[in-house]
Amino acid sequence: MVAQLRELLETVRANPLLRYDPHVKQQPFHATRRKIKVFIGGERSGKTVAGVLDDLIQACDRSAVPDHLLPNKIFDPPFKCRLITPDFGQSYQEILRTLREWCPPAQLLHGDWEEAFSEKAHVLSFANGSFIEFMTQKQDVSQFGGTSRHRVHYDEEPKGPKGEEIRHANVNRLIQYRGDELFTFSPVHGFGFVGDNLWEARGHEVAPEVWVSNDMVLVRSDQDDNPHLDEAGKAEANAKLPARQREARKSGKLVHAEGLVYEEFNYDLHVCPRLDPEFVKGLEQMDCIDPGLNTAVLFAGFDSDNGLWIYDELFLQDSEAVPEHVAAEILKKRKEWGLPPRPKRTLIDPAAAARQSQTNKRTDRAYKAAGIRVRPAENDVDFGIYEVMRRYGHEDKGGNPQPLIQIAENCKGLIWETGRYRKERNDEDEIKVVKRDDHRVDCKRYLSAERPLPPIKHKPRALRETWVPGTAPPLSMKPQPNYGPMGKYS
């Protein structure tokens, strides 16, 4: 019995892959074959192990891959993989530790980690010609060129505009081998690249927290999915985190790191069915344009109680966003609603009054020439945002919700932008509004600022009773001692 146990231990030591038993969320990540594989997980949910083990399954010989993992093997050696980390810091060291723990030593070049791994070149080489090269998001985009790769694996998401450029540079490395992309990360940065490019395209949910589309599988894993974590330690650690951070770091949920701008927005409260044309005709008409290569137009009106009703929208891009074409679409939309060509007022971003450096033309004048008389909107961002907030959170005299802004359910773009309009902390550690996907919400801000709500009137505090010289003091006043001008002891 002892000899058999010793033999088993030696077998597992020679091939650690034998003891890898993927948990419930790691299984579909490995088994689903798609060009893009995404594992969004809370910290310690098994996301890094899943990504690294999937790389190892491809890099090793088929004979070294256990039977229970062999169906997950897509590529045969030599497998060329590029693994990108935020920097050569903690996450990079964690990946090296994971590789060293799970890789069968005989699969490494010369059968030895020290021989197979080059610290200078940041490359791990295998005896069969496979390799995993390590790069970081801090490197210049130009360094992500080179020859073809079977896989590009991002451990932690490519962040910001540079992250997107890095991804674009890497996509061309996958053409020759028809390679794939892996993303394994905790969504601590909130929405951004991942939300725009991956989460929005996740497809249908085929199992709890598992989504599949034509070219992507996306898995979201909670710490609770990892059976190897200590329950007491997990609870103690998560109790110290704020609620929003707990959702991201424990549950792998995509949350806005610094929160939404309009936290008050409630779909059930602020979104209404498509408005009746007769009701729209009774409103004080007011359209709003946010011009540019992406041009947004909101069609709205105010009722007699100063309630703002947004009933339709337009969003035009590139060549369709030239003022002449936008003007034609505005007139067409108003005709569809049975409205006169001109509303009471058409607001436009004040920046439209600036002359374009290339043409020396003004955008607002181009709209006037096309038949749309515009006037500059109030562009104080904070003031406009506060007005929208006040409208969302307005209450009647009894303290019941009575929002003074309603968005028709057919304004899907505005509703989508409102749910994405978020804040972030900049390099100066200041919290600012993210200027992205904000064309329609800017129009909403302009409209709200055009009819600001009156200030809240508070009941004045009762005046304190005072004694007037030459008169008798009120009975309610306590008699004051007759001190000298210098006080009690003068």
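Two strands are taken to pair if DSSP finds at least two bridges between them, and helices (H or I, at least four residues) and strands (E, at least two) are DSSP runs numbered from the N terminus. This is a predicted model, in which local features need pLDDT of at least 70 and side-chain atom pairs count only at pLDDT 80 or more, whereas totals for chains, interfaces and linings use all residues. Residues are numbered from 1 along each chain as its sequence is written, and side-chain values use heavy atoms, with hydrogens and water left out.

**Sheet**
- Ten strands form an open sheet with mixed pairing, in the order β3-β4-β5-β2-β6-β7-β1-β10-β9-β8, and its edge strands, β3 (117-118) and β8 (204-207), each pair on one side only.
- Strands β9 (residues 210-212) and β10 (residues 216-221) pair in the antiparallel sense over three bridges, with Val 210 standing opposite Val 219 in β10.

**Helix α14**
- Helix α14 (residues 381-392) has twelve residues, which at 1.5 Å a residue should span 16 Å, and this agrees with the 17 Å between its end C-alpha atoms; the expected span is 1.5 Å times one less than the number of residues.
- Gly 384, Ile 385, Glu 387, Val 388, Arg 391 and Tyr 392 are the buried residues of α14, where buried means under 20% relative accessible area, exposed over 50% and partly exposed in between (1.4 Å probe, protein chains only).
- Seen down the axis of α14, these buried residues fall within an arc of 155 degrees, so they line one face of the helix; the arc is that of the directions from the helix axis to the C-beta atoms.
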